[in-house]
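Subject: Structure handover

Hello,

Here is the structure I promised to pass on. My notes follow below it.

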Amino acid sequence: MNGRATVADVAKRAKVSRSTVSHALSGKRPISLKVRERIFAAASALNYTPSAVGKAIRGQKMMIVAALVDGMEKASTGVLMETFQRAFAKHGYDMAIYVCGNDSAKALSLMRHLSGGLVDGIVNLLPDISVNQAVCACSPVPVLTYLRPHSSSPVYIDVKGGVRDAFDYLWGLGHRKIGFIGGDKAKGAEMISNPEVESVRFYLRERDAWDPCRVKQSPGEFNDGIVHADELFKQGCTAIVAANDQVAAGIYSWAFGEGVRIPDDLSVVGLNDSPLALMLTPALTSVQFPLRETAEITAEAMVERLNGDSFLQHRVLSPKLIIRRSAEAVKKTEAK
């Protein structure tokens, strides 16, 4: 046979009508076991696969969940996507990844397009798209917005607690001038303030050590570590907490170029503990965000939605500080 097999080809081989083939494949109408087996055998012999459009028209499940992300440059995002894929695969679903950048209008348009029957569910990982925006754009397809402190989001990580642990660790090592290079994307669309910066401000104000000049907000990319590390070091900072391990890698790159030794001259702590943390020398002390667990919880919640369960439990997970070799006690002369 030339070309892709059609319903008509299957019907001809099985010696039944095209409507009977459609009913047998969709399961919407009862077909005798004998006829059904004959149809499936014909479909298998012809290597017939229903088209996506045809399945959408018939209201069948596509067995695909879409994940919308702003970018794939971060090591933690790759780990997260792999975890999502494995979690959904356990339930028989494939996952399609769409990279939307920072174009909110484009992202909402894509959500509306996908919800026209191309996918069964959508996971919103875009920080600029709120929970309510996603629900409106994706209706009637179920959508879950990832990592928001919102009852409609399955899981959230205690970001403030993770930042506090990083500062507490450095404070315990004697550091009093601690810089912070934050990631703007830590703040979701419906969140009033950046939880990372809010945690830094609260922690240092309690200790009468708050200086807004030591907080640098940025997109959270590698180059931000290079640019802001230079500024903070010149201000006298003996330690820096980075919004993610990419920013920390930028700090390492700057330090190497300037002859600044880590941790002898500057201590560094990262956030999220991606595989990159172990690739740096010295290995990076980092706050480990439970990304695998959050992905699994989100996938489970999505499958429950797809199976008709409307109940959603919101869970908050605590990060864990992983101590390695990128931070040490401040020298007494620096602590003054």
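Which residues does F88 touch, leaving aside those up to four places away in sequence? The contacts are V65, Y93, M95, V123, A299, M302 and V303. Please keep in mind that this is a predicted model.

Cores

F88 belongs to the largest nonpolar core, which has 47 residues. Together with F84, L125, F167 and V241, F88 is among the residues with the most contacts inside that core. There is also a second, separate core of 21 residues, and A229, L232, W254 and L276 are included in it.

The parallel sheet

Four strands form an open sheet in the order β2-β1-β3-β4, and their pairing is parallel. Its edges are β2 (94–99) and β4 (143–145), each of which pairs on one side only. On average, neighbouring strands of this sheet are turned by 20° against each other, direction ignored.

Strand β1 covers residues 64–69 and pairs with β2 in the parallel sense over 6 bridges. Within that pair, I64 stands opposite D94 of β2.

Two helices lie across strands of the sheet. Helix α5 (residues 75–89) lies across β1, β2 and β3 (121–124), and runs at about 150° to β2. Helix α13 (residues 291–306) lies across β1, β3 and β4, with an angle of about 155° to β4.

Helices α8 and α9

Helix α8 (residues 159–172) packs against α9 at an angle of about 40°, and the two axes are 8 Å apart. At that angle, α8 is oblique to α9. Their crossing is right-handed. On the α8 side the contact is made by V159, K160, V163, R164, F167, D168 and W171. The α9 side contributes P195, E196, E198, S199, V200, Y203 and L204.

R205 counts as exposed because its relative accessibility is 53%, and the cut-off for exposed is over 50%. The C-alpha atoms of R205 and R13 are separated by 77 Å, and these residues are 192 apart along the chain.

Backbone points to check

Most residues other than glycine have a negative phi, and most peptide bonds are trans. The following places depart from that.

- The peptide bond from S139 to P140 is cis, with omega near 10°. P140 sits in the loop between α7 (131–138) and β4.
- The peptide bond from T281 to P282 is also cis, with omega near 0°. P282 is in the loop between α12 (276–279) and β10 (285–288).
- K15 is not a glycine, yet has a positive phi of about 60°. K15 lies in the loop between α1 (7–14) and α2 (18–26).
- D273, another residue other than glycine, has a positive phi, near 50°. D273 is in the loop between β9 (267–271) and α12.

Are K15 and D273 buried or exposed? K15 counts as exposed, at 73% relative accessibility. D273 is buried, because its relative accessible area is 13% and buried means under 20%.

Regards

Key:
Residues numbered from 1 in each chain as written. Predicted model: local features only at pLDDT ≥ 70, side-chain atom pairs only at ≥ 80, totals over all residues. Heavy atoms only, no water. Core = buried A, V, L, I, M, F, W, Y, C linked by side-chain atoms within 4.5 Å. Buried < 20%, exposed > 50% of the residue type's maximum accessible area, 1.4 Å probe, protein only. Contact = heavy atoms within 4.5 Å. Pairing = 2+ DSSP bridges. Axes fitted to C-alpha atoms, helices over the stretch in contact; angles between N-to-C directions. Parallel < 35°, antiparallel > 145°, perpendicular 65-115°, else oblique. Left-handed = near helix turned anticlockwise from the far one by under 90°.
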